[in-house]
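Please open the model and keep it beside these notes. The points below go through it step by step.

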Amino acid sequence: MNSTAEKGILLDSKIQMIQRVKARLSSTALDNGPSRPDGQTFMSFVLDNANTMDDETANDFRALMED
Amino acid sequence: MKDSYNHNDKRYPRYEAPSDESLLESLNSLQGIFVSFCKMLKLDSELFSVDGERIIEAFIRVDQRKLHYKMYHNGTKLNEPKEAAILAYWISRFKPFTCKFGDCYYTRKYNELFSLFLIDIVVASYRNIRKMPKLILTKNIRRDLLYTIENRSTTFDDMALMVDSLAHVMVKAA
C-alpha cells in the first residue's frame, strides 16, 4: 500500500470518527419539553398551582420550618 | 463553532436577556407564589423583605441555561421540573428573601424552604398534567431534600436531574 492510500484510509476513519461524535452529541433524547399549555409562561404555571398543596404536605413544611 | 472567533460575525449572536416586561411579569408571579408560600406556613408575607435584583439575576441565570440547552442540545426545551430545579438552585444560592424578625438562620432557612416549595408544587402539577399517579413524599424525604439544598455541593444540573427523577418516578402500588 502506498503512502497516499494509507493517508486516504486514515482520513476516512477520522471523518467517520468525527461524524460519530457529532451524532452522539446531537442526541435529542435528553428531555421531553414542557407539558403546560402552549403560551403559558413557566412562572404563571407555578403561580396557578401555588395554592394546590394538600394539607398533609403543608403540615410537613410547617414541621420543617420548626425543626 | 470555528476556533477563529470574530466578535462582529453575525452568525454567533450574543445572549440577550429577557425583555423588561417579561421579567416584570415573572417578578409579579414570584411575588404571588411567595404569598402562597407564606399563607401555607401561616406567616404574614409582610414580615419579609425581598431583594428584587437577586431574583432578577436568578431569572436571567435560568434563561441562560435554557438557551444553553436550546443551542447545544439540538433545540431541546427544558421541562417544568428541570426549570423549577434550576430556579430553586439560584434562589437557594442568592437568598433574595430576608425576614425582618429572628436571626440569619431563619433567613437562610426560608429561602431554602421556598426553593423546596417551588420544587414540590411543580413536581405535583407536572405529574397531574401528565396523568401520572400522585407522588407521596415522606417528611424524612423532604427533610433530606432540604438538607441537600442547604448544605450539599450540588450544581444546578445535579438539582435538575434529581427533580426530574422525582417527577418521573413511577410508584408501584403495594
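1. Start with burial in chain A. Chain A has 67 residues, and 13% of them are buried. Keep in mind that this is a predicted model.

2. Next, the secondary structure. Chain A has 3 helices and 0 strands. Along the sequence, the pattern reads α-α-α.

3. Now turn to chain B. How many residues of chain A are in contact with chain B? The count is 29, and they meet 33 residues of chain B. Two elements of chain A each give two or more residues to this side: α2 (42-49) and α3 (55-66). The most comes from α3(A), with 8 residues.

4. What is the side of chain A that touches chain B made of? Its residues divide into 14 nonpolar, 11 polar and 4 charged.

5. Look at one helix pair across the two chains. Two packed helices are described by the angle between their axes and the distance between the axes. For α3(A) and α5 of chain B (residues 139-151), the angle is about 50 degrees and the axes are 10 Å apart. The helix α3(A) is therefore oblique to α5(B). The crossing of α3(A) past α5(B) is right-handed.

6. Which residues meet in this pair? From α3(A) come Asp60(A), Ala63(A) and Leu64(A). From α5(B) come Lys139(B), Arg142(B), Arg143(B) and Leu146(B). The residues of this contact between α3(A) and α5(B) divide into 3 nonpolar, no polar and 4 charged.

Conventions: Residues are numbered from 1 along each chain as its sequence is written. Chains are lettered from A and ligands numbered from 1 in the order in which they are written. This is a predicted model: local features need pLDDT of at least 70, side-chain atom pairs count only at pLDDT 80 or more; totals for chains, interfaces and linings use all residues. Two residues are in contact if their C-beta atoms, placed from the backbone, lie within 7 Å. Helices (H or I, at least four residues) and strands (E, at least two) are DSSP runs, numbered from the N terminus. Ala, Val, Leu, Ile, Met, Phe, Trp, Tyr, Cys and Pro count as nonpolar, Asp, Glu, Lys and Arg as charged, and the others, Gly among them, as polar. A residue is buried if 20 or more other C-beta atoms lie within 10 Å of its own, exposed if 12 or fewer, and partly exposed in between; C-beta atoms are placed from the backbone. Axes are lines fitted to C-alpha atoms, for helices over the stretch in contact, and angles run from 0 to 180 degrees between N-to-C directions. Angles under 35 degrees count as roughly parallel, over 145 as roughly antiparallel, 65 to 115 as roughly perpendicular and the rest as oblique. A crossing is left-handed if the near helix is turned anticlockwise from the far one by less than a right angle, and right-handed if clockwise.
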